[in-house]
Amino acid sequence: MEMGLASTGGCYAKLRAAKMVVAQDFTVDLNKPLVFQVGYLGEAYQEWVHQPIVSKEGPRFFESDFWEFLTLTEWWVIPLIWLPVVCWFVSMSLRMGHSLPQIAGNTIHYLIHGCHHKHPMDGLRLVFPPAATAILLFPAVYIFATASNLSPLHDCQFWNLVKLMSNPSMTPALFGGGLLGYVMYDVTHYYLHHGQPTSEVPRNLKKYHLNHHFRIQNKGFGITSSLWDKAFGTLPQTKSAEKSR
Ligand SMILES: [Zn+2]
Ligand SMILES: [Zn+2]
């Protein structure tokens with residue numbers, strides 16, 4: 001029995017010694033992928049990992065370009081990916097009947113949209129004020145600017161594909177195009193309220209939008225076309241269809 005205990009004790013001692021050997025003999029090669037090396041540091045890992053290397057150059061994690069790509073993240077990817085998810089979850093609560101505290105809900109709605117419903121012909125509170133647009137635009141400008149120069153990912157096949165679709169000289173033009181779309185939307189909205197269109201297409205658009213203000217306010221949100229009302233099922237019924245119900 002005594003012999004047994006002694007030999008067990010000897011075993012532990014050997015194991016401890018073996019661990020020490022692993023820790024003492026193994027050095028991490030910083031020029032090779034790190035993830036599958038650090039385990040071999042054993043107890044020396046804690047000391048190793050808490051000695052910072054302060055450089056903007058990061059280490060390689062994996063041999064494979066695919067797995068390596070999945071571990072690299074630009075900061076703006078976080079709001080870009082997750083803010084739509086946040087909106088989706090919050091809107092799910094609203095769809096399930098939960099409402100914002102009424103004071104906040106009313107105030108936000110009035111500032112963004114309600115003021116235009118209350119005084120639809122007020123020509124100075126119809127288009128979006130540039131100061132507000134600029135605030136909303138700033139993150140988008142930043143995203144476009146950084147997206148043109150994604151240095152840590154420049155070797156990756158996926159990024160080459162993205163670059164091909166939008167090279168740096170094309171990015172500002174794409175951004176300008178998006179902004180032009182907004183300008184066309186906003187001046188069209190103004191025209192639908194204050195213009196006197198004679199040709200058919202703008203006359204129908206005017207009728208369509210005045211419908212949203214004066215007949216069915218929870219349908220017909222389109223300004224330049226009814227395309228998205230068709231897509232989201234918010235196309236208002238025609239007067240004759242409404243009467244036959
Ligand atoms: Zn309007
Ligand atoms: Zn409205």
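**View 1**

**View 2. Helix α9, residues 200–214.** Helix α9 consists of 15 residues. From the first C-alpha to the last, α9 reaches 21 Å, close to the 21 Å expected at 1.5 Å a residue.

**View 3. The buried face of α9 and its packing partner.** Leu 205, His 209 and His 212 are the buried residues of α9. Viewed down the helix axis, these buried residues fall within an arc of 45°, so they line one face of α9. An α-helix has 3.6 residues a turn, so residues three or four places apart point the same way. The buried residues of α9 pack against α8, which comprises residues 171–194.

**View 4. The exposed residues of α9.** Glu 200, Asn 204 and Phe 214 are exposed residues carried on the face of α9 that is turned away from its buried side.

**View 5. An annotated segment, residues 75–94.** The unreviewed UniProt entry places the feature "transmembrane region" at residues 75–94, 126–145 and 165–185. Over residues 75–94, the predicted chain is 90% helix and 0% strand. The end C-alpha atoms of this segment, residues 75–94, are 29 Å apart.

Notes:
Residues numbered from 1 in each chain as written. Chains lettered and ligands numbered in written order. Predicted model: local features only at pLDDT ≥ 70, side-chain atom pairs only at ≥ 80, totals over all residues. UniProt positions renumbered as here; feature names shortened; annotations may be inferred. Helix = DSSP H or I, 4+ residues; strand = E, 2+ residues; numbered from the N terminus. Expected span 1.5 Å × (residues − 1). Buried ≥ 20, exposed ≤ 12 C-beta atoms within 10 Å, placed from the backbone. Arc of directions from axis to C-beta. Contact = placed C-beta atoms within 7 Å.
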